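Biologist: I am new to this structure and would like to know what stands behind the words used for it. Please show it first.

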Amino acid sequence: MAKVAAGQSRVQAARELLCATSTVVSAVLRYQERGREGLRDGRAFNGQRKVDARFRKTLCRVLEGTPQQSGWRRTTWTRELLAREVERRGRVRVSPATMGRALASVGARRKRPRPVVRCPWPARRRRQRLWQLKCRATYARPQEPVLYEDEMDVHLNPKIGPDWMLPGQRREVVTPGNNRKQYVAGALDARTGRLTWVKGQSKTSALFIDLVRAVAAAYPKAKRLHFILDNAATHSSKVTQKALAALDGRVVLHFLPPYCPEGNRIERVWWDVHANVTRNHRCKKMEALMGEVDTYLEARNAQATPSPVLRAGTERRAA
């Protein structure tokens, strides 16, 4: 009001106050009709706030479940449906816009669910097996190393992931179009963190056998090699059993419970490879991409950090 009374137009006052012109016009009209009382915030007499601590607590409990668990025939929550469910649980009814602000106040946001496959084993049996394997890895001896084994798919068509960009800018990743795949089989030493890996054109028993032989050559003084691995068919096929028998019992396989990737520490290594090398990559040929994978894994073995950051032009170490 002071700016308008000083001779400024409503547009100029709104520009200086960083608000809408309609806000200034409304304030002037209220002042002209009711004087200084018209400038008071009318919401002060609306009563108690609808979205209070109890409302937020109820909302959080609702968000912990799905609509179907609450009796609704819908698979995802909407603001309208959340408002109806919170009201059904004894809280005040609010509009979808108010529910949106309530969601923001509790830190809720829309995210994609993470698909998982549950282990069919009973929970107690599963925990006991994971604990046994964890103890074996923790108390591994140099003469009997324990290694986490798994395979990784490498796609020539890059998987797209988020990256920092300026407003109005959207970086492009040109894909080759016709996808090709190669595979990396690796074994992570539970005691030293050193990785041994081999590459192949297909994920077969031959790839696993090549890895076992590479590990046996890398640990010539080890009396026995313990592998912790998943239940893939290539790990227990007749071809694999025959190859392991030829090593005179030097290799022992310890299988994880079904669908328990969290029990295999090498999964974290593959996650780092995808985050640093394969996601949003711009290699036009598979040979170049596999070379980048080799460079990263070699740097990982050479450095103390489990996730090295490589600079462009870094020379590859001799294998």
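Biologist: Why is V277 called buried?

Modeller: Buried means under 20% relative accessible area, exposed over 50%, and partly exposed in between, with a 1.4 Å probe and protein chains only. V277 has a relative accessible area of 12%, so V277 is buried. This is a predicted model: local features need pLDDT of at least 70, side-chain atom pairs count only at pLDDT 80 or more, and totals for chains, interfaces and linings use all residues. Residues are numbered from 1 along each chain as its sequence is written, and side-chain values use heavy atoms, with hydrogens and water left out.

Biologist: Where does V277 lie, and what does V277 touch?

Modeller: V277 is in helix 10, residues 266-278; helices are DSSP runs of H or I with at least four residues, strands are runs of E with at least two, and both are numbered from the N terminus. Not counting residues up to four places away in sequence, V277 touches L289, E292, V293 and Y296, where contact means heavy atoms within 4.5 Å. The C-alpha atoms of V277 and P158 are separated by 9.7 Å, and the two residues are 119 apart along the chain.

Biologist: What makes Q303 count as partly exposed?

Modeller: The relative accessibility of Q303 is 35%, so Q303 counts as partly exposed. Q303 sits in the segment after helix 11 (286-302). Leaving aside neighbours within four places in sequence, Q303 is in contact with P308 and L310.

Biologist: Which residues of helix 9 are buried, and how do you know that they line one face?

Modeller: In helix 9 (residues 238-245) the buried residues are T240, A243 and L244. Seen down the axis of helix 9, these fall within an arc of 100°, so they line one face of the helix; the arc is that of the directions from the helix axis to the C-beta atoms. The buried residues pack against helix 8 (205-218) and strand 5 (251-255). On the face turned away from the buried side are the exposed residues K238, K242 and A245.

Biologist: How many helices and strands does the protein have?

Modeller: There are 11 helices and five strands.

Biologist: Why is the protein called more spread out than a compact globule?

Modeller: The radius of gyration is taken over C-alpha atoms, and the globule rule is 2.2 Å times the number of residues to the power 0.38. For 319 residues the rule gives 20 Å; the protein has 31 Å, well over that, so it is more spread out than a compact globule. The C-alpha trace spans about 100 × 50 × 40 Å along its principal axes. Of the 319 residues, 35% count as buried.
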